[in-house]
Amino acid sequence: MLDSEYGKLIVEAVRPINREYYADKLKYWIVKSDIGTERNAELLTKKIFDEQVPENKEICKGRLATSMRCTKPAKCNGYCGFHQKQYKPPVGSNVNGNRIARPQNVPTLL
Ligand SMILES: [Zn+2]
């Protein structure tokens with residue numbers, strides 16, 4: 001096996017671990033700093049890892065009575081008009097910083 005092929009294999013093996021690690025870090029940092037939502041963090045992670053970014057059409061985050069995801073376009077705060085009551089304000093800087101549940105730290109190989 002050529003060195004370059006071997007290198008590619010290693011990169012491909014480590015990539016999902018890196019992605020998960022940085023996705024957790026970005027999500028925690030973006031939500032805690034009140035810069036954006038978990039969805040913004042996910043979009044940024046996709047951009048960083050060269051994945052396809054979906055169209056800018058946001059879909060409602062609400063749940064139907066059958067616990068399926070709603071498929072209507074979002075209007076306000078990521079929810080459609082019908083599911084607005086399911087919106088919960090994000091945990092922001094007004095919460096004691098020591099008591100915020102952090103995403104579980106994923107050990108890194110780097
Ligand atoms: Zn909805």
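Of the 110 residues of the chain, 6% are buried, a residue being buried if 20 or more other C-beta atoms lie within 10 Å of its own, exposed if 12 or fewer, and partly exposed in between, with C-beta atoms placed from the backbone. The model is predicted: local features need pLDDT of at least 70, side-chain atom pairs count only at pLDDT 80 or more, and totals for chains, interfaces and linings use all residues. Residues are numbered from 1 along each chain as its sequence is written.

The secondary structure consists of two helices and zero strands; helices (H or I, at least four residues) and strands (E, at least two) are DSSP runs, numbered from the N terminus. Helix 1 covers residues 3-32, and its end C-alpha atoms are 42 Å apart, in agreement with the 44 Å that its 30 residues should span at 1.5 Å a residue. The expected span is 1.5 Å times one less than the number of residues. At Arg15, helix 1 bends by about 35 degrees, and Pro16 follows within four residues; the bend is the angle between axes fitted to the seven residues ending there and the seven starting there.

Three of the 30 residues of helix 1 are buried, so the helix lies largely in the open. The buried residues are Ala23, Lys27 and Ile30, and what covers them includes helix 2.

Most residues other than glycine have a negative phi. Asp34, which follows helix 1, has a positive phi near 60 degrees. In the segment after helix 2 (38-48), Ser67 has a positive phi near 70 degrees and is exposed, with 6 other C-beta atoms within 10 Å. Asn77, also placed in the segment after helix 2, has a positive phi near 60 degrees and is partly exposed, with 14 other C-beta atoms within 10 Å.

Conventions: Contact = placed C-beta atoms within 7 Å.
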